[in-house]
Structures are given as C-alpha cells and as structure tokens.
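Dear colleague,

Please find the structure below, together with a summary of what was found in it.

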Amino acid sequence: MWGQCQDAPPEKRGEFASGNWKLVTGNFQPSRRVGARGLQRGSCRAMDCGLGRGSGRIKGMDLTWDSTDLEVVWCRVWEGLETATRTPGDAWRTPVVATAGDAGGGRVVVLRQVDGKVRSLTFHTDLRAPKVTALRASPWLTWVFYEPRTQVQLRVRAAGTIHAGDAIAAEAWDRVPAGSRKNYTTAEAPGTERPHPMAGEYLEKTGVERFAVVRTVAESVDWLWLAEGGHRRARWEWNGAIWVGRWVTP
Ligand SMILES: Cc1cc2nc3c(=O)[nH]c(=O)nc-3n(C[C@H](O)[C@H](O)[C@H](O)COP(=O)(O)O)c2cc1C
C-alpha cells in the first residue's frame, strides 16, 4: 500500500478519509478533496512520510516540496507544522500571528501545538497582552510562517479562542518550563512604560493567573513556494466538512 508522503502513481493517488489514508485506485478524480474530516488517524506521521520540507533528508530519502500532487503538499504542510512544535530552531516554530483592530497587529510567537485532525494550532501568551484584547474583539487571525532555506511561505487563517483558568490552560501550564513561568509574573502588563529596561517587579505569584493559551482553528491554508523552476502556490479551504484544495497562480 502506498503509505508514504511521496508522489504516488496516478492510479494510486489518495485522499484523506476517515480512519486512514484512503486509496482511490483507478478512478481518482482531481477533486482536491483532502479530508473527510480533516486529517484523520493514520495521517502523514503515521504514514511515516517524515518531514518533507525543502531538500531535507528524511530516512535516507530526499523529500522535497517538489510535488505536483496537491495531497502530497498538503500532507507535508501539516507534517511540517507538527514537526516545528517539537524542533527548536525550526523556522516554522516562530511564526508571526497577525490580529485585527486597534489593539491588533503582527508579532512573533512560538508555535506550541498543532493537531491536524482538528485543524488546531496554539500559542501561549500573557492574558494582559494587547493581542488578547484584539482577539476578544475579533477572533480572526492569520499565522504567517516562512522558511528562508526553501523560500516557502505558509499562511493559515484561523479563529482563536482564549483559554485561561480552564483545563486547557492548566494542562499547557504543566508543560511550561520553570524558567519560562517567570515571564508571566511581571507586575505590569506587557507594553507598559517603564523608566529603565531592567526596571519592573516580578510578582510572587506563580504566573498561572496571567497565563493564556490561544487555540486557533484553521479555516484556510495558503502555501507558496518560490521555486527556481517556477513558483507554485496552493490554497485549501475548510468547507465545514472537508478541506478543499486547489492550485492557484502564485
Ligand atoms: C522569538 C520570539 C518568540 C516569542 N514568542 C511569544 C509567544 O509565544 N507568546 C507571546 O505572547 N509573545 C511572544 N513573543 C513576544 C511577541 O512577539 C510580542 O512582542 C509580545 O507578545 C507583545 O505582543 P502584543 O503587544 O501584540 O500583544 C515572542 C517574541 C520573539 C522575538
């Protein structure tokens, strides 16, 4: 069975379907359906596709973005995102998140968790940060990822939910290293003026009171590769039931 994120022969191209990567043999239609319910159990990682970013060598194979199969690119997108969460130094680990409104803007965050099955991407923040105010006014945000080595840009449009003082925040807080917890103990809110760069007090409290998880759920994904042989771009939209993807003009 074709279980790898590689170009499959035309008659063996697949689609993500419930439970596994489902083979659509013989009658594959370029319908661009890439998920019955998003990525399901048996998705890329389980298929051992490895990370197919750039020309990185994975398990002795040269996997690259160089595929004309929309489903393969899609698989690599989510695999790349998931890998970034556990790979310090990975360019996709520190994307820009752009929010709307007066308290909005763009800023770098650390990509903390990705779950393709439920289309979620999360970051942590201080509950008092202006971006939280912006998200309370409008939940829509855009993640922008860029990897200079391969010149791949990924934009994910998503709606964010703020979790503070709930089970999601508690579970995430458990994984925040002790050294990083101090970031959430400043007496003043992020952005507050101070007389000196080293001025400012740290509260005695743990920081969990000001800790928030922003969990976002993707609605569209835009992938752009500035390839030497010709730029390529693809776009996927969540239609409420499945991801629908298509190639678009770069
Ligand atoms: C490498 C890097 C990683 C960062 N990670 C986060 C993060 O995970 N969460 C966060 O709230 N701010 C993070 N920041 C700080 C933000 O970029 C931003 O300055 C701060 O959160 C205030 O943003 P706001 O005023 O738009 O709310 C990071 C900055 C850098 C340079």
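In what follows, a residue is called buried if 20 or more other C-beta atoms lie within 10 Å of its own, exposed if 12 or fewer do, and partly exposed in between, with C-beta atoms placed from the backbone. The model is a predicted one: local features need pLDDT of at least 70, side-chain atom pairs count only at pLDDT 80 or more, and totals for chains, interfaces and linings use all residues. Residues are numbered from 1 along each chain as its sequence is written. Helices (H or I, at least four residues) and strands (E, at least two) are DSSP runs, numbered from the N terminus.

Two residues deserve attention for their backbone. Most residues other than glycine have a negative phi. Gln151, although not a glycine, has a positive phi of about 60 degrees. Its place is the loop between strand 9 (140-147) and strand 10 (152-163), and Gln151 counts as partly exposed because it has 15 C-beta neighbours inside 10 Å. Arg119 likewise has a positive phi, near 65 degrees, and lies in the loop between strand 7 (113-115) and strand 8. Arg119 counts as buried, because 21 C-beta neighbours fall inside 10 Å.

Strand 8 (120-126) also takes part in the shell around the ligand, as do strand 6 (105-108) and helix 2 (130-137), each supplying at least two residues. The largest share, four residues, comes from strand 8. Of the 15 residues around the ligand, those that come nearest are Arg107, Val109, Thr125, Ala129 and Lys131; a residue is near a molecule if its C-beta atom, placed from the backbone, lies within 6 Å of it. By type, the shell comprises seven nonpolar residues (Ala, Val, Leu, Ile, Met, Phe, Trp, Tyr, Cys and Pro), three charged (Asp, Glu, Lys and Arg) and five polar (the others, Gly among them).

Lys131 is also a contact of Thr99, where contact means C-beta atoms, placed from the backbone, within 7 Å. The two residues are 32 apart in sequence, yet their C-alpha atoms are 6.9 Å apart in space. Thr99 belongs to strand 5 (residues 96-99) and is buried, because 23 other C-beta atoms lie within 10 Å.

Finally, strand 12 (residues 232-238) and strand 13 (residues 243-248) pair in the antiparallel sense over six bridges; pairing requires at least two DSSP bridges between the strands. Arg235 has Arg246 in strand 13 as its bridge partner. Four residues lie between the strands of this hairpin, in which Gly240 takes a positive phi near 105 degrees.

With kind regards

Notes: Contact = placed C-beta atoms within 7 Å. Lists of a residue's contacts leave out its neighbours within four places in sequence.
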